[in-house]
Amino acid sequence: MEALNALVQWFTVPLQFDFMWRAMLVSVVAGAVCAVLSCWMTLIGWSLMGDAVSHAVLPGVVLSYLLGLPFAVGALVFGAGSVALIGVVNRTSRVKEDAAIGVVFTALFAVGVLLVSKIPSQTDLMHILFGNVLGVSDADIAQVLAAGAVVLAVVLVKHRDLTLYAFDRVHAHAIGLNPRRLEALLLGLLAVTVVVALQAVGIILVVAMVIVPGATAYLLTDRFERMLAIAVAVAVTASVLGTYLSFHLDAATGGAVVAVQACAFALAYLFAPRHGVAAGALRRARQARRTGEPADPASAP
Amino acid sequence: MTAPARAPEAPATGHPAIDARGLTVRYGDVLALDAADLRVESGTVCALLGANGSGKSTLFSALIGLVPLAGGQVLLHGRTPDRARKAGLVAYVPQSERIDHSFPVRVVDVVMMGRYGHMGPMRRPRAADRRAVAEALERTGLSHLAHRQVGALSGGQRKRAFVARGIAQGADLFLLDEPFAGVDKGSEATITEVLHGMREEGRTLLVSTHDLAGAGELCDRAVLLQRRVLAEGAPEQVLTPERLAEVFGITAPGASARPRHDGQEAAWRR
């Protein structure tokens with residue numbers, strides 16, 4: 001009974017504080033929006049691209065701060081700019097794409113770090129790097145909600161096209177759609193999503209938010225719609241638990257949220273019913289017992 | 001496969017299905033296609049034969065406007081590739097290694113993707129779309145597998161799923177990239193049957209393949225490609241030992257115009 005009481009208090013006591021409600025709101029919205037996008041990121045294999053765009057927005061965010069613009073404006077400009085620059089470097093030199101990505105995003109990130117270190121500011125711009133969800137302002141919350149709503153609305157309208165693009169872009173082209181435009185749309189959504197998430201976990205950990213939930217869900221299902229639902233559920237749970245953990249441990253919220261996501265991935269990696277490591281070992285062991293009976297791919301469940 | 005023959009949605013314009021002249025494509029310094037001419041009449045099955053690197057995939061890409069042309073022009077049913085694509089006339093059946101087999105989509109989802117060009121911007125399927133998909137699945141013998149994930153199919157079944165996508169699309173011109181690669185003999189026969197059924201309805205098929213023996217059975221016409229079109233005509237005219245030696249760098253023992261399938265296949269697929 002006492003243990004139960006302690007557990008209830010673990011969850012209820014932090015909610016007496018207004019800042020916890022706000023932090024929870026931002027974490028949950030950011031987690032959910034990132035999780036939706038993470039499904040396509042995982043399927044296309046864009047984790048390095050996610051890393052690149054999320055780091056490359058830093059100078060844009062700092063410049064927006066200087067000019068008094070919403071963060072999203074600068075982030076979009078630099079997010080899209082970095083993608084274009086990666087394309088140019090890749091096409092016009094013998095450097096391979098992953099090296100082009102590595103060079104461009106670290107260069108932009110470095111410029112951002114320089115700017116942060118040289119600009120005197122009331123709000124500590126270092127929070128952009130590591131997140132400061134326990135101290136978000138009303139304006140920050142409004143921006144997170146607006147940007148998140150834009151991303152979700154676009155995804156709601158375009159999700160079938162995005163999945164088609166991820167699955168077979170030649171077919172998309174062959175039926176008269178424009179795969180380049182879909183790619184640009186997805187990268188634009190990524191840039192806006194980064195803005196949403198950097199309030200919650202900071203620029204450095206944003207890439208985890210746009211990869212880990214999708215990768216976890218991918219281990220748990222073979223249906224895209226379920227993958228979306230699972231990714232969102234995992235991310236929202238991680239956001240709530242992570243925010244509580246950071247309160248009780250007096251530790252960085254972003255780190256706590258991403259650490260919980262990583263735990264969810266580890267559990268799925270090990271114990272997913274069909275695609276987990278344990279299930280695979282079990283299947284191989286069973287097959288070894290029934291020697292000489294190769295599995296017919298068509299009769300797989 | 002039992003559904004009644006249905007006329008494709010393509011217009012009977014009297015134009016050839018493919019009319020490509022002087023197609024030239026460069027990748028940097030590499031000349032991938034050198035003034036290739038190709039004319040395929042509506043309602044024929046045409047084999048596109050050539051060794052690796054002969055430009056078969058590039059020709060497909062050029063036909064659907066996926067690579068910029070350094071020279072020449074393409075008309076599909078008398079239309080530019082762009083207009084033909086927007087009209088949903090062209091279906092592309094990808095090579096199996098180009099597809100991510102673990103992608104979380106079901107067969108029915110893949111076939112539904114053929115309908116996207118007919119739908120509104122949100123791609124919400126209507127009754128007509130569901131009907132077209134069900135019909136295409138039945139035609140290709142996949143109805144009982146409709147709710148399987150694509151990776152859970154055999155190579156031949158997966159190939160048929162992509163053919164079904166083109167059927168659901170209502171395409172008239174099918175570009176099939178190596179449809180028999182990685183497919184066992186039984187499935188190959190099923191695919192051939194499906195393709196013959198499509199020809200009977202007046203659809204046009206351009207089939208790229210290494211499989212010379214299969215090409216003779218499947219196709220009305222054959223085109224031998226080596227960056228340019230070396231020969232074009234009935235399969236037995238095109239598949240002469242001399243030409244094959246020239247293109248594939250091998251001599252067919254017994255000088256048979258239709259090489260045997262066994263044993264030599266590895267050499268053809270070099």
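Leu49(B) stands opposite Thr209(B) in strand S7(B), in a predicted model where local features need pLDDT of at least 70, side-chain atom pairs count only at pLDDT 80 or more, and totals for chains, interfaces and linings use all residues. Residues are numbered from 1 along each chain as its sequence is written, while chains are lettered from A and ligands numbered from 1 in the order in which they are written. Strands (E, at least two residues) and helices (H or I, at least four) are DSSP runs, numbered from the N terminus.

**The sheet in chain B**

- Strand S3 (residues 45–49) and strand S7 (residues 204–209) of chain B run parallel and are joined by 5 bridges; two strands pair if DSSP finds at least two bridges between them.
- In chain B, 6 strands form an open sheet with mixed pairing, in the order S5-S6-S7-S3-S8-S9.
- Strand S5 (90–93) and strand S9 (228–233) of chain B each have a single partner strand, so one side of each is left without a neighbour in the sheet.
- From one strand to the next, the twist averages 15° (angles run from 0 to 180 degrees between N-to-C directions, and axes are lines fitted to C-alpha atoms, for helices over the stretch in contact).
- Helix H1 (residues 56–63) of chain B lies across S3, strand S6 (173–177), S7 and strand S8 (221–226) of chain B, at about 150° to S6(B).

- Chain B has 10 helices and 9 strands.
- Of the 270 residues in chain B, 47% are buried (20 or more other C-beta atoms, placed from the backbone, lie within 10 Å of the residue's own).
- Val90(B) and Val111(B) touch the most other members of the largest nonpolar core, which has 182 residues; such a core is a set of buried Ala, Val, Leu, Ile, Met, Phe, Trp, Tyr and Cys residues joined through C-beta atoms within 7 Å.
- Helix H2 (residues 18–44) of chain A gives the most to this core, with 16 residues.

**Where the chains meet**

- The contact takes 22 residues from chain A and 25 residues from chain B (two residues are in contact if their C-beta atoms, placed from the backbone, lie within 7 Å).
- On the side of chain A that touches chain B, H8(A) gives the most, with 5 residues.

**Two helices in chain A**

- The axes of helix H4 (residues 58–67) and helix H6 (residues 97–118) of chain A come within 7 Å and cross at roughly 35°.
- Leu58(A), Pro59(A) and Val62(A) are the residues of H4(A) that make this contact.

Note on methods:
A residue is buried if 20 or more other C-beta atoms lie within 10 Å of its own, exposed if 12 or fewer, and partly exposed in between; C-beta atoms are placed from the backbone.
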